[in-house]
Amino acid sequence: MADKDKGPRKATSFDVARVAGVSRAAVSRAFTPDASVSPKTREKVYQAAKELGYRVNYLARSLTNKRSDLVGLVAAGLDNPFRTLQIENLARVLLARNFRPILLPTSPEADTSTVIGQLLHYAVSGVIVTSDAPPTEICEQCAAEGVPIVLINKGNDIPFVDRIISDDRMAGHLAATHLIDSGVQKPAVMAAPAISYTARRRGEAFLARCKQLGVEAQFLQVRINDYRSGYDAAAELAAAGIDGLFCANDYMACGVVDRIMQGRGRADAPPLSIIGHDDIPQASWTAYDLTTIRQPCDVQAEKTVDLLMSRIVEPDLTARVEFTPVALIKRRTA
């Protein structure tokens, strides 16, 4: 009889093995992805587990194996719809590959190394970082402990750390070419280059392409690549005579569009062509109908997990960098 204070006893793998009529090792294999076990045995184990209400304790298993199937996702800027889309795609791919994602939100001001240090206590199989790149020291610590790290859209070149990078140079090239081909005479790019590797690359590529086409472009620097920055900075566009704008991301571009729409009907509100970057769901909304550069989160996620899994198998591989393609999506704003 169960202890009244402790409640009913939880079923164990031994109980499952007894009910299924198999060994405990067979139970372990049945719940281990890609392990060798017959379909008939696996079905018997699953049925017994269901009857007993048995659940695998993955944390306990990680103590035995010295590595879990957990993968840490470190992310900042979750108010940006692109970041949530990115995390969703990464989580889906990880689950499809039999990993369990753990999300650790951080912020631009937070110490990323502290967050990753916390993940190491859970014997994670790997870490994916979509926020600011961690210091070299924490990456070296992870490498020493056999924990792979993959950085997304980060510029740091760190030994044994793989990176997935969107083709930001092509993004800037496409945006500049489209605006100037559309008749824009005073183009500008809006970005926060000090805190964002991708914003810096996109901005530089945009300026270089404009110059190549014989047009001088302006760099409008903001503090953060967010909605509020775009909304506030849009107030100065008319005075500067800018008639074409490339924003480092859609989130900021939406802020610009909203501010411009507020001023429609005024004599001093000139026509303005706007291009964003990322192709977040809101970009296709009727209120924005934003021309943008699509960054394929699904392709990015697949490549990221591919690198992570290969690094798990061969931890001493030379650091690799893979680029994901971009494409111009034409809508009403440009």
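The model is predicted, so local features need pLDDT of at least 70 and side-chain atom pairs pLDDT 80 or more, while totals for chains, interfaces and linings use all residues. Residues count from 1 along each chain as its sequence is written, and side-chain values use heavy atoms, without hydrogens or water.

Let's start with strands β1 (residues 70–75) and β2 (residues 100–105), which run parallel and are joined by six bridges; DSSP must find at least two bridges for strands to pair. One of these links L70 to R100 in β2. Together with helix α5 (residues 81–96), the two strands make a right-handed β-α-β unit, meaning a clockwise path from first strand over helix to second when the strands point away from the viewer.

Now turn to helix α13, residues 297–313, whose 17 residues reach 25 Å from first C-alpha to last. Its buried residues (under 20% relative accessible area, with exposed over 50%, partly exposed in between, 1.4 Å probe, protein chains only) include C297, A301, T304 and L308.

Finally, look at the rings of Y227, Y231 and Y251, which ring pairs link into a cluster. Rings of Phe, Tyr and Trp (its six-membered ring) pair with centres within 6.5 Å; planes under 30 degrees apart are stacked, over 60 edge-to-face, the rest tilted. Y227 and Y231 both lie in helix α10 (residues 227–233), four residues apart. Y227 also forms a tilted pair with Y251, 6.4 Å centre to centre and 40 degrees between the planes. Since Y251 lies in helix α12 (residues 250–262), this pair ties together parts 24 residues apart in sequence.

Conventions. The expected span of a helix is 1.5 Å times one less than its number of residues.
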